[in-house]
Amino acid sequence: MSRVFSGVQPTGNIHIGNYLGALRQFVDLQNDSECIYCIVDMHAITVPQDPKELKKHILDVAALYMAIGVDPKKSIVFVQSDVKQHAELGWILNCNTYMGELSRMTQYKQKKQKSENPSVGLFDYPVLMASDILLYDTDTVPVGNDQKQHIELARDIAIRVNGKYGKTFVVPDGRFMKSGARVMSLDDPTSKMSKSNPNEKSRICLLDEPNKVKKAIMSATTDSEGVIRYSVKEKPGISNLLDIYSAFSGKSVAKLVKEYEGHGYGDFKKDLVEVVNQSLDPIRNRYQEIRQSQELVDSLKEGAEKASEIAEKTIKRVKKNMGLGL
Ligand code: AQP
C-alpha cells in the first residue's frame, strides 16, 4: 500500500483554495492508501502567532479535516509538534541542504516581503516540510500547485542523502489536482487565494455563512467584456470562477462555457453561489458537532502515538546510516 502524507497550517480560516487544491484529495486517497495527515503548527510559528489563537486554530483545522470526510479510523491524524521527530529530522536535513537552494524558494521571497524582520524559521520552512514528508517514507504528497518547488526540494534532499549515506529515504512525488490546484484571489485573480489577504472578500472560507459566500462571489473581479469564455491571460477573473465552478460541480470548463453561452456574468455568478453553497452545506453542518466533541482530542492523541512509532523507526535508520549517537 502506498503511503500518503500532507498537512495544513493552523493559521486562519481554511478557504476553498486549500480545500480544492489539497484537502479534497485527502478524502479521496484514504480508501486505497495509508494516509497520514498533520496539522503543521510548527510551520505556523515561522511568522508571529497569538498563542491562544494558535491553540484554537489547531482544533479548528482538525475538526475541518473530519468535517470534510477525513476518517481517523482510516487515516492517522495528529498535530505536528506532538511528534518530536519532525524537529529532530529537521536539524539533520538542515545539515544536508544548501543556503542557495533555500534562497531560491519563491514562497520565501514573497513571504519575507510581508514581514518586517523575517525569522530564520521562515527561511528554513521548506526543510521542515521535507522532514515532515521524509519521516514517514511517503510516496505521495497531495498539495496545491504553490507547493511544487518545496516538493522538488524534498525530493532533492532525499536523493542527496541516499547518495551520500546509502538508501535512507523514499523519494516522494507531489499529487496535484487537475482542477483547483491553484485557486486565485476573488479580488485580484492574478494572485493566489490566501488566508493572509487582509481583504475578506478575496476568499471563500469553508465555514462562511451562505450569505457571505454570495457576497464574495457576486463582488468577484471580472472584466468589462461580459462574455463567459476561458482565458487565464486575457480574462483571469472569469477564468478563475470557471475553474472554481468546474472543481465543485465536476463539469468541465468547456461544458460550462457552452452552457453559459449568451448569458451574462450575473447569471453565472448566481448559479456559482448555489453550487458552492450546496457543496459547503454538509461540511458546515458536520463541523460544529465535531469541534465540540472530546473524540476530536482523543483521536489526535491516538494519531500522535501512531505517527511517533513510524517516525522513530525512520530516525533510528537515519542516525544509524549517518553515524549519529551511540
Ligand atoms: N489558492 C490555493 N489554491 C490551491 N491550493 C492552495 N493551497 C493554499 N492556497 C491554495 C494549498 O493548501 C494546502 C495548505 O496550505 P497551508 O495552510 O500550508 O498554507 P499556505 O499554502 O501558505 O496557504 P495560504 O492559504 O496561502 O496561507 P498564507 O496566506 O498564510 O500564505 C497546501 O497544500 C497548499 O498548496
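## A salt-bridge network

D223, E225, R229, E234 and K235 are joined in a network of salt bridges, where a salt bridge is a side-chain nitrogen of Lys or Arg within 4 Å of a carboxyl oxygen of Asp or Glu. By that rule the count comes to 17 salt bridges.

A quick word on the ground rules: this is a predicted model, in which local features need pLDDT of at least 70 and side-chain atom pairs count only at pLDDT 80 or more, while totals for chains, interfaces and linings use all residues. Residues are numbered from 1 along each chain as its sequence is written, and side-chain values use heavy atoms, with hydrogens and water left out.

Let's start with R3 and E34, whose side chains meet in a salt bridge at 3.2 Å, N to O. R3 sits in strand β1 (residues 3-8) and E34 in strand β2 (residues 34-39), so this pair ties together parts that are 31 residues apart in sequence. Helices (H or I, at least four residues) and strands (E, at least two) are DSSP runs here, numbered from the N terminus. R3 counts as buried at 14% relative accessibility, whereas E34, at 31%, counts as partly exposed. For those labels, buried means under 20% relative accessible area, exposed means over 50%, and partly exposed is in between (1.4 Å probe, protein chains only).

The other two pairs stay within a helix. K56 and D60 form a salt bridge of 2.8 Å, N to O, and both lie in helix α3, four residues apart, or about one turn of the helix. K56 is partly exposed at 40% relative accessibility, but D60 is buried at 12%. E302 and K306 meet at 3.6 Å, N to O, in a salt bridge of their own. They are four residues apart in helix α13, which puts about one helical turn between them. E302 is partly exposed at 45% relative accessibility, and K306 is partly exposed at 35%.

## Two domains

Zooming out, the chain splits into domain 1 (3-181 + 294-322) and domain 2 (200-287), with bounds that come from an automatic or database domain assignment. The C-alpha centres of domain 1 and domain 2 lie 30 Å apart.

How many residues of domain 1 are in contact with domain 2? There are 13 residues of domain 1 in contact with twelve residues of domain 2, where contact means heavy atoms within 4.5 Å. About 1,200 Å² is buried between domain 1 and domain 2, and carbon and sulfur atoms give 74% of that area. Buried area here is the accessible area (1.4 Å probe) that two parts lose on being put together, summed over both. In domain 1, the residues that lose the most area to domain 2 are I16, L64 and A67, together 40% of what that side buries.

## Across the domain interface

Between domain 1 and domain 2 the salt-bridge count is zero. The rule does find five residue pairs in polar contact across this interface, both residues being at pLDDT 80 or more. A polar contact is a pair of N or O atoms within 3.5 Å; within protein, one must be able to donate a hydrogen and the other to accept it, and residues adjacent in sequence count only if both atoms are side-chain atoms.

On the side of domain 1 that touches domain 2, the elements giving two or more residues are α1 (16-29) and α3 (51-68). Helix α3 gives the most, with five residues. By class, that side of domain 1 has eight nonpolar, three polar and two charged residues. The classes go like this: Ala, Val, Leu, Ile, Met, Phe, Trp, Tyr, Cys and Pro are nonpolar, Asp, Glu, Lys and Arg are charged, and the others, Gly among them, are polar.

E305 is found in helix α13 (residues 294-322). Is E305 buried or exposed? With a relative accessible area of 55%, E305 is exposed. The C-alpha atoms of E305 and V40 are 16 Å apart, and 265 residues separate the two along the chain.

N240 belongs to helix α10 (residues 236-249). At 4% relative accessibility, N240 is buried. Leaving aside residues up to four places away in sequence, N240 touches V183, M184, S185 and L186.

## A positive phi at D137

One backbone angle is worth a look. D137 is not a glycine, yet its phi is positive, about 50°. Most residues other than glycine have a negative phi. D137 is in the loop between α7 (120-134) and β4 (140-142), and counts as partly exposed at 21% relative accessibility.
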